[in-house]
Amino acid sequence: LTRERYPVQRLPFSVVSEEDLAAFERITPGRVVTDPEELEASNVDWLRTVRGCSKVLLKPQTTEEVSHILRYCHERNLAVNPQGGNTGMVGGSVPVFDEIILSTALMNQVISFHGVSGILVCQAGCILEELSRYVEERDFIMPLDLGAKGSCHIGGNVATNAGGLRFLRYGSLHGTVLGLEVVLADGTVLNCLTSLRKDNTGYDLKQLFIGSEGTLGVITAVSILCPPKPRAVNVAFLESPFYVLIETSGSRAGHDAEKLSSFLEHVLDFGLVTDGTLATDQRRVKMLWALRERITEALSRDGCVYKYDISLPVERLYDLVSDLRARLGPQAKHVVGYGHLGDGNLHLNVTAEAFSASLLGALEPYVYEWTAGQQGSVSAEHGLGFKKKDVLSYSKPPAALQLMQQLKALLDPKGILNPYKTLPARA
Ligand code: FAD
Ligand code: MLT
Ligand code: ZN
């Protein structure tokens, strides 16, 4: 799929040799995967839209092992694809050619948790849902939540700067991540794993790696601030003409219920809402959220999906959906708009029975031009990865692009980390 639909040339990296495999076996004994069947799942992305042909996957358990792997690959000029839960939406998580897959699957230990401040320090391969469970047992919650929680890793979340379902309430990872440990392309360990709320000692280097999609370093550990578990949670699921799911979280059930009912009275009086349902108990709350969280999965069963993830002024959020329905007509099976309303983030998804170059031609660059016309962003939360790297310039000026290229060259001069991703190929 990869090379047919997205033409790209392999860069002159070395090819993994028997000696390399022996070296990896010394670094990660018993954790060098070369079995093609076992590799298959890591070579294909969640959406099954891009496929690589890596012949080797490494499963380090410690930062030191990651450092040894990268030092070796850097010296040998071997390309590396960092991989977490492989739930990414933009083809960044799988190799394009034969890059070595460096999986964080076995880096799944909690390092510390502070029961008063709510600061969690853990390895990058911890699964988000398991971390949620861990902190909830201690009366805190993770500041982020997403439909992929059962598979995605916290390192992957940080590497993509995932937004998700709690963004409006608890803010971006750029605010909640307090520290990171990162292994640079040459194997240097950058220990910025502090747990301080305030730290103005020069440039805030960790921010560079939040959203860098594995192109600047491998995140090995994360320090993150968890909010206290809310004592009262209300979920409202309303209709007319859109479905809106609202969650409130606060500390006094009576007070929160009162505020929510006065809001509902108001929107019903004004005819903004015609029908809906409320939930406070955990089982029903989860059921209502599942309706929202499983849209991605439902769409992936509707055929070939063209996915866009854009930031727009909230008042224009749905215009592009209506516009495209008219523009595409019967070429599209469904044109669907959902997302994160409070964040001004539209997930525009177009489905068709099969891939069609003419449908793609009707969508692109139209969607990107439309978005740029609103001063929006062509990637609100999924990143650029492999599929969106060439549209970066719709949302960033040439000087920003140039600085990004310079930072990449500084941190990864041989370009071994996640090549072909995030940055457009140099002319
Ligand atoms: P992967 O998919 O494995 O990797 C993603 C990128 O990060 C790749 O470029 C990879 O190289 C890099 N990477 C992974 N781990 C590391 C590391 N330790 N160090 C350096 N680089 C690394 N995204 C949202 O933002 N909001 C949502 O609401 C949301 N919902 C989703 C719902 C579903 C059902 C699915 C399938 C996906 C959803 N996503 C969402 C997209 C995806 O889950 C997120 O991008 C997630 O954060 C990726 O984490 P991962 O561990 O699966 O990373
Ligand atoms: C979501 O909000 O459901 C995710 O970002 C995944 C998607 O866009 O489908
Ligand atoms: Zn989303």
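Predicted model: local features only at pLDDT ≥ 70, side-chain atom pairs only at ≥ 80, totals over all residues.
## Around ligand 1

Let's start with ligand 1, which has 39 residues around it. The closest of them are G84, G92, G155, G156 and G214. Which elements give two or more residues to this shell? They are β3 (80-83), α6 (154-160), β9 (218-225) and α12 (295-300). Helix α6 gives the most, with five residues.

What sort of residues are these? The shell around ligand 1 splits into 23 polar, 12 nonpolar and four charged residues.

## Around ligand 2

Now for ligand 2. The residues around it are M89, G147, I295, T296, D309 and H347. Sorted by class, this shell holds three polar residues, two nonpolar ones and one charged one.

## Two helices side by side

Two packed helices are described by the angle between their axes and the distance between the axes. Here, take α2 (residues 18-27) and α4 (residues 63-76): their axes come within 10 Å and cross at roughly 160°. Why is α2 called roughly antiparallel to α4? Because angles over 145 degrees count as roughly antiparallel, the crossing makes α2 roughly antiparallel to α4.

The crossing of α2 past α4 is right-handed. On the α2 side, the contact is made by D20, A23 and I27, while α4 brings in E65, H68, I69, Y72 and R76. By class, this contact has four nonpolar, three charged and one polar residues. As a handy background point, an α-helix has 3.6 residues a turn, so residues three or four places apart point the same way.

## Checking the length of a helix

Helix α10 (residues 253-269) lets you try a quick check. It has 17 residues, and at 1.5 Å a residue these should span 24 Å.

Most residues other than glycine have a negative phi, and most peptide bonds are trans. With that in mind, have a look at D139. It isn't a glycine, and yet its phi is positive, at about 75°. You'll find D139 in the loop between α5 (128-136) and α6.

Where do cis peptide bonds turn up? One joins S240 and P241, with omega at about -15°. P241 sits in the loop between β10 (232-239) and β11 (244-250). Another cis peptide bond joins E364 and P365, and there omega is about 10°. Look for P365 in the loop between α14 (357-363) and α15 (366-373).

Notes:
Residues numbered from 1 in each chain as written. Chains lettered and ligands numbered in written order. Near = placed C-beta within 6 Å. Helix = DSSP H or I, 4+ residues; strand = E, 2+ residues; numbered from the N terminus. Nonpolar A, V, L, I, M, F, W, Y, C, P; charged D, E, K, R; others polar. Axes fitted to C-alpha atoms, helices over the stretch in contact; angles between N-to-C directions. Parallel < 35°, antiparallel > 145°, perpendicular 65-115°, else oblique. Left-handed = near helix turned anticlockwise from the far one by under 90°. Contact = placed C-beta atoms within 7 Å. Expected span 1.5 Å × (residues − 1).
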